[in-house]
Amino acid sequence: MTVSMDRRTWTAVCAAGAVPENSGVAALFDGGVQVAVFRLSGDRFHALSNVDPCSGAAVLARGIVGDSGGVPVVASPVYKERFDLRTGECLDAEGVSVPVYGVRVRGGVVEVESP
Amino acid sequence: MRTLVVAGHGMVAHRLVEAVRAEDPDGAWRIVVLAEENRPAYDRVGLTSYVECWDPAALALPGADYAGDANVELRLGDAVSSVDRAQRTVVTESGFEVSYDALVLATGSRPFVPPVPGRDLPGCFVYRTIEDLDAIRAAAAKPGRGRRAAVVIGGGLLGLEAAKALRDMGMSPHVVEMAPRLMPLQVDDGGGSLLRRLITELDVTVHTGTSTDAIEADGDRLLAKLGNGTELDVDLVVFSAGVRPRDDLARSSGLEVGERGGILVDDGCRTSDPAVYAIGECAAVEGRVYGIVAPGYAMAEIVASRLTGGAGTFPEPDTSTKLKLMGVDVASFGDAHAKTEGALEVAVNDAVAGTYKKLVVSDDGKTLLGGVLVGDAAEYNTLRALVGRPLPAEPGALLAPAGGGAAVGIDALPDAAQICSCNAVSKADLVGAVHEQGCDSVAKLKACTRAGTSCGSCVPLLGKLLTACGVEQSKALCEHFGQSRAELFQIIRATRISTFSEVIDRYGTGSGCAVCKPAVASILATLGNGHILGGEQATLQDTNDRFLANMQRNGTYSVVPRIPGGEITPEKLLVIAEVARDFGLYTKITGGQRIDLFGATVDQLPDIWRRLVDAGFESGHAYGKALRTVKSCVGSTWCRYGVQDSVGLAIELELRYRGLRSPHKIKSAVSGCARECAEARSKDFGVIATESGWNLYVGGNGGLTPRHADLLVSDVDTETLVRTIDRFLMFYVRTADRLQRTAPWIEEMDGGLDHLRAVIVDDSLGICEDLDAAMAKHVDNYADEWRGVLEDPEKLARFSSFVNAPGTPDPTISFRAERGQNVPVMLGVPEVRS
């Protein structure tokens, strides 16, 4: 039997229930890094940087989530650019993307890969 | 710089000035317009509609005062009295003298009053100007016994318009026509007899085939004695027996005139003096005078082109006519009377449906020459454009009722076919605008080509043309919903679905987006589904609605306490000042008569609202697709000129409509007198006080494309006003597209403002009771949304910057001082903008 070792470190953020379905919350990490955690239907979680590269404001967690041709996205609340929740790539500005973070739920607690 | 003098300022003169200014942007021509009337050119074609509101502003032509254009001087009430062609000068009645390099005579025509004895008696009028209608109104309003009667001498187009106006003033009109039928120039006997029947059903008594022999005074009434022996006992007489060109200036200055009057001009509209032109109803182009506006506009364009180096010539004039008289469609086009040699007529007279349709075709039956339509003129635009061209189907099939026949499509029209005859726009022009200038909507086609901007009858064809060009005018809200916002509204209203999930499951695809989620949230809010952050709704809202404040560029929010009507006590001002000071908020007075407090973080918002709520405020919508503010001037309470309490009404309206979710923002204002200090006509709905009540204007906006609101109803009392606004707003909320302000909503409505008025004033669709009930429900159920958050711990918990560090403010937000206040410092100025 082979066990693959996950060397990433995880930080607990909040109870899963604290993230309403089809919306996001922001979390603050050491060094002032901000991560936006999103919850889609079916308990699918995604985590991106909270900083919108198009406006410079730390607001992506406050965007509306949805899909574009089946791709799960969040739309920035500032100028409405959409970001792929899986890859961080911007659908509306070529070459623009935001960092993506691992996210998992353990024992009802949302954990984010430490940035 | 050369000087162009224009004698007269009617619709055609105005078109000339506009066209010269458009062709001559650098101002090689200085233009001096000498007008006889005391007001700038107005929509004389629409004169009869003046009776609906008695507001001259409703007939105003945009830009006809040339405000801000230093190249145009408009002198009102000062007609040209003489022309000295040798010296090239004109002198006005006031003695003003001006030299010209070019002179354009646009003196129009005068009403023809037949030489009937008694025609000068008090109570006899003509029908041409706003002043004429004011005089008729004054005479009609004199107290008297019973229903008052009037006789219109002349049963042509203008006579029937006059009859309609008199009927609208509450009189019983008679119409007397010499010819054996009404509108003898436009329709044939078949159409005329149906027209007579339809008009008679509308309480107009028609007398045809008879002269008017005398008008006699009979006490304070008039007796009209007709040639057939009939005597009509009436209160007033209106002559509308045609017009005659005003060619006096030409005659007195020795210019050639036509055999039957009119200033003789060539096909370039030039008179016998090369420096003098004549256009419009005073001109006889190669001997022929035209009494309708479209050929006049063509003349104006030709002269403008000639003055600016072009070489336009008068085209074969289109004297086609389409009008709606008292709800009856009448149209004639081309060779309506089959005067062409060998012409054949194909007519369908449907007495049951009340329609008469006739086509005139060439002797081989293959080419359309003209036609007459009475009772239903829906096919007018396509048929008119086909004149002189091969018929796409058998004439009989073209006349068959819709559905059963071979309806003429826009595809059948050749490129040269004129779609808009008012502005001479061909199918090829429109197709070019679609393909080369990227016009993909009716609105863009109108702006780009002017098609459909005068009488509007070709607007439905513009939509069909776009479709024919392959432009998909999809009303789909977004990729998740094929329906328009209006359709979704009806679906949600009918099914009473109360969640987005169910709407998209049943009527959409995918999981939604930033377009459809807020749109559905707005519909749910309008239909009354509780607090906008209740349950799933919170996840649908744009960030402003989700946090009930306006997001600014650094992710902070601004708070704008509601100040209804802009009225505020010193105590409340102190509260706002203290809140701003205590939270370090940048403070600015807004254009909507409120005070905007900037720089609040998500965490601070509830604390700020609590302070405001405790002091008797609520926060307000400076965001969201909802009513913003109702501005007001100070009104009759203080102002020396005010005639009504504009502040009181503004407060009433703002409190009534606050919180109403709509397709776009809604702005309003109330002015206490005609000076209009509140700028109400730049609002979605604006109210202006009159001596006896209120005028309501709708469809105005500022922004990228400013637009003045149009008069909807006039001189109404407050109850009627509020009821009309209720219906206007609710009809808008139900039927407009997403992000469609009221102006484009009305413009794109089939039938425009008239249709809107029919629906919400005359209840033509029978929905007013429903609209009234819906607004009553909104008013009854209104609740302070901000207080609603403060009272609900679950909602309150969402107002935190970080889920794992409540109370910690966003560290990227910082401020610096500018002119003594906090302004945002942007960390890492964004370089990327799509």
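Reader: Which residue in E16(B) does Ala150(B) stand opposite?

Author: In this predicted model, strand E10, residues 149-153 of chain B, pairs with strand E16, residues 236-239 of chain B, in the parallel sense over four bridges. Across this pairing, the residue in E16(B) that stands opposite Ala150(B) is Leu236(B).

Reader: What is the order of the strands in the open sheet of five strands in chain B?

Author: The pairing within this open sheet of chain B is parallel, and its neighbouring strands are turned by 20° against each other on average, with direction ignored. Taken across the sheet, the five strands follow the order E9-E16-E10-E11-E12.

Reader: Why is one side of strand E9 and of strand E12 of chain B left without a neighbour in the sheet?

Author: Strands of a sheet pair through backbone hydrogen bonds, either parallel or antiparallel. In chain B, strand E9 (124-126) and strand E12 (205-208) each leave one side without a neighbour in the sheet, because both stand at the edges and each has a single partner strand.

Reader: How many residues on the side of chain B that touches chain A are charged?

Author: The contact between the chains involves 33 residues of chain B and 33 residues of chain A. On the side belonging to chain B, the residues divide into 13 nonpolar and 13 polar, while the charged ones come to seven.

Reader: What percentage of the residues of chain B count as buried?

Author: The secondary structure of chain B comes to 25 helices and 39 strands. A residue is counted as buried here if 20 or more other C-beta atoms lie within 10 Å of its own, and of the 834 residues of chain B the share that counts as buried is 46%.

Methods. Residues numbered from 1 in each chain as written. Chains lettered and ligands numbered in written order. Predicted model: local features only at pLDDT ≥ 70, side-chain atom pairs only at ≥ 80, totals over all residues. Pairing = 2+ DSSP bridges. Helix = DSSP H or I, 4+ residues; strand = E, 2+ residues; numbered from the N terminus. Axes fitted to C-alpha atoms, helices over the stretch in contact; angles between N-to-C directions. Contact = placed C-beta atoms within 7 Å. Nonpolar A, V, L, I, M, F, W, Y, C, P; charged D, E, K, R; others polar. Buried ≥ 20, exposed ≤ 12 C-beta atoms within 10 Å, placed from the backbone.
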